[in-house]
Amino acid sequence: MNIIDKFHNWRRKQRWNRQYKSGRWKNLRGDKERGRYKTIIDFINKHGNGNPSVLDLGCGEGILCERMKSESYSEFIGMDFSSESIKQAVEKNLEKAVFKVADLHYFKPEQKYDVIVFNEAFYYVHISEKAKVLQTMMNALNDNGIIINSIYREGAGSWEYFEIDALQQIDFKTVTTSEAKTYWKIGVYKKS
Ligand SMILES: C[S@@+](CC[C@H](N)C(=O)[O-])C[C@H]1O[C@@H](n2cnc3c(N)ncnc32)[C@H](O)[C@@H]1O
């Protein structure tokens with residue numbers, strides 16, 4: 001990212017912080033979004049090595065972790081560049097969970113994981129950094145680890161990064177709702 005891109009990224013972070021503080025994202029807890037979290041959790045349970053370590057990228061206030069049974073994961077690490085969302089996640093005191101403030105553009109995982117989730121986050125990565133960020137996460141996968149990508153609607157400029165020889169799609173679902181324009185696509189990938 002050049003200096004202007006970095007500035008816009010910083011401004012976006014301030015906006016997310018304001019929105020989390022004002023409760024703007026409480027709608028993520030609503031019924032409409034329920035099927036999206038459930039599908040991610042079903043995919044983790046189905047493809048995630050039994051008792052996986054999970055890294056949730058762009059975790060927000062930690063709803064994914066909150067909805068998982070604590071006995072279904074060995075550890076859960078959530079990261080988000082909004083300090084306000086991380087504060088809200090930490091306050092939940094979720095079992096075996098650690099939440100940290102970090103920016104996807106610069107984040108270097110300190111260990112390897114069985115499951116890495118781009119949880120409605122990949123489209124916020126700057127176009128010049130998308131391939132690099134995905135590669136960083138591929139390098140942070142344990143053997144047989146999986147990457148899950150959840151994207152609202154068509155997610156223009158996102159899916160093509162996952163359509164590479166180094167990755168193999170092993171599962172996929174479109175989660176629909178009663179509203180035709182509200183749906184998510186969720187893909188599961190392994191390293192080829
Ligand atoms: C639509 S919200 C989804 C929150 C959460 N994944 C969920 O589904 O409940 C997108 C999240 O991505 C985070 N985000 C956006 N850009 C980011 C970046 N560069 N690094 C880390 N997190 C980022 C936002 O702060 C926000 O929490």
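## Overall dimensions

The radius of gyration used here is taken over C-alpha atoms, and the rule for a globule is 2.2 Å times the number of residues to the power 0.38. For the 192 residues of this predicted model, a compact globule would by that rule have a radius of gyration near 16 Å, and because the chain has 16 Å, the two agree. Along the principal axes, the C-alpha atoms of the chain fill a box of roughly 40 × 35 × 35 Å.

## Fold and packing

The chain contains 5 helices and 7 strands, which, read along the sequence, follow the pattern α-α-β-α-β-α-β-β-α-β-β-β. Among contacts in the chain with a separation of 6 or more, 66% are accounted for by residues 24 or more positions apart.

Of the 192 residues, 52% count as buried, a class that takes in residues under 20% relative accessible area. The chain exposes about 9,700 Å², and carbon and sulfur atoms supply 50% of that area.

## The largest pocket

The largest pocket holds about 670 Å³ of space. It is lined by 34 residues, of which Trp16, Trp25, Asn119, Glu120 and Tyr124 are the closest to its centre. Helix 1 (3–22), helix 2 (31–47), helix 3 (63–67) and strand 2 (75–80) are the elements that each give two or more residues to this lining.

By residue class, the lining of the largest pocket divides into 18 nonpolar, 8 polar and 8 charged residues; in this scheme Trp and Tyr count as nonpolar, whereas Glu counts as charged.

How values were computed. Residues numbered from 1 in each chain as written. Predicted model: local features only at pLDDT ≥ 70, side-chain atom pairs only at ≥ 80, totals over all residues. Heavy atoms only, no water. 1 Å grid on protein atoms, 1.4 Å probe; cavity = no way out; pocket = protein on both sides within 12 Å on 5 of 7 lines; lining within 4 Å. Points joined across faces, edges and corners; volume = space filled by probe spheres on them. Helix = DSSP H or I, 4+ residues; strand = E, 2+ residues; numbered from the N terminus. Buried < 20%, exposed > 50% of the residue type's maximum accessible area, 1.4 Å probe, protein only. Contact = heavy atoms within 4.5 Å. Areas by Shrake-Rupley, 256 points an atom, 1.4 Å probe, with all protein chains shown as cover.
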